[in-house]
Amino acid sequence: MADAVPTTATTEVPAHQQGAGFPPFKVETYPSQLFWLVITFGVLFVVLWRVAGPRINGVITLRRNTINDAIEAANKARGDAGTASAAYETALAGARARARSLAEETRQTMNTEFAIAKAQADSAASAAMHEADAHIAEIRTRAQTHIAEAAREAAIAIVARLTGETVSSDDAAKAMGG
C-alpha cells in the first residue's frame with residue numbers, strides 16, 4: 001500500500017475562481033439581465049392585459065350585476081310588501097266596517113224582534129186580561145145571582161119563621177127590590 005496517494009480535503013476556493021463573485025452583481029451580465037427582465041415583464045403584462053384582465057373584469061362585472069339585481073329585487077319586494085300591506089289594511093278596514101255594519105244590523109234585527117215579541121206578549125197579556133175580566137164578570141154575575149137566590153130563600157125562611165106565612169119566591173124578589 002505504498003502506492004496510495006494521500007488525499008486531503010480542504011474548504012478553500014481554488015485560485016482561478018476567486019474573481020467570479022455573485023452573477024447578478026457582475027457588470028458584464030447587466031445587458032442580458034435587462035433584456036430578460038424586459039421580456040419577462042412584457043410577457044406578464046400581455047398575459048395580464050389580454051387574459052387575466054378581462055377575466056377579472058368579467059368577474060367584477062358579474063358580481064356588480066348580481067348585487068344590482070339583488071338590490072333591484074329587494075326594492076321590488078319592498079314595494080310589493082308595501083302594496084300587500086296597503087291591500088291588507090284596506091281589506092282589514094273593510095272587514096271591520098262590515099263587522100260593524102253586521103253588528104248594527106243584528107242589533108236592529110234583535111231590537112225589532114224584541115219589539116215584535118214584546119208586542120205579541122203585551123197583546124197576549126191584554127187578551128188574557130180581557131178573558132180574565134170577562135170570566136171574573138161572569139163569576140161575579142153568577143155570584144150575584146146565587147146571593148140574590150140565597151137572600152130570597154133567607155127572606156122566605158125569615159118571613160116564615162117570624163110570621164109563619166109562606167111567601168112565594170116572586171113576592172120575596174119584589175120585596176127585596178129585585
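Q: Why are Phe 45 and Trp 49 said to be separated by about one helical turn?
A: In this predicted model, Phe 45 and Trp 49 are 4 residues apart in helix 1, which covers residues 30–163, and therefore about one helical turn separates them. An α-helix has 3.6 residues a turn, so residues three or four places apart point the same way.

Q: What makes the pair of Phe 45 and Trp 49 stacked?
A: The structure holds 3 aromatic pairs. In the pair formed by Phe 45 and Trp 49, the ring centres lie 5.9 Å apart and the planes meet at 25°; because rings pair when their centres are within 6.5 Å and count as stacked when their planes are under 30 degrees apart, this pair is stacked.

Q: Why does Phe 45 count as exposed?
A: The relative accessibility of Phe 45 is 53%, and since exposed means over 50%, Phe 45 counts as exposed. Across the protein, buried residues make up 1% of the 178 residues.

Q: What makes the charged end of Arg 50 one that sits over the ring of Trp 49?
A: The charged end of Arg 50 is 4.2 Å from the centre of the Trp 49 ring, and the distance part of the criterion asks for CZ of Arg within 6 Å of the ring centre.

Q: How do you know that the span of helix 1 agrees with its number of residues?
A: With 134 residues at 1.5 Å a residue, helix 1 should span 200 Å, and its end C-alpha atoms are 186 Å apart, which agrees. Helix 1 also has a kink of about 40° at Ala 52, shortly before the proline Pro 54, and just after the helix Gly 164 takes a positive phi of about 80°.

Conventions. Residues numbered from 1 in each chain as written. Predicted model: local features only at pLDDT ≥ 70, side-chain atom pairs only at ≥ 80, totals over all residues. Heavy atoms only, no water. Phe/Tyr/Trp six-rings, centres within 6.5 Å; stacked < 30°, edge-to-face > 60°. Helix = DSSP H or I, 4+ residues; strand = E, 2+ residues; numbered from the N terminus. Buried < 20%, exposed > 50% of the residue type's maximum accessible area, 1.4 Å probe, protein only. Lys NZ or Arg CZ within 6 Å of the ring centre and 35° of its normal. Expected span 1.5 Å × (residues − 1). Bend = angle between axes of the 7 residues up to and from the residue.
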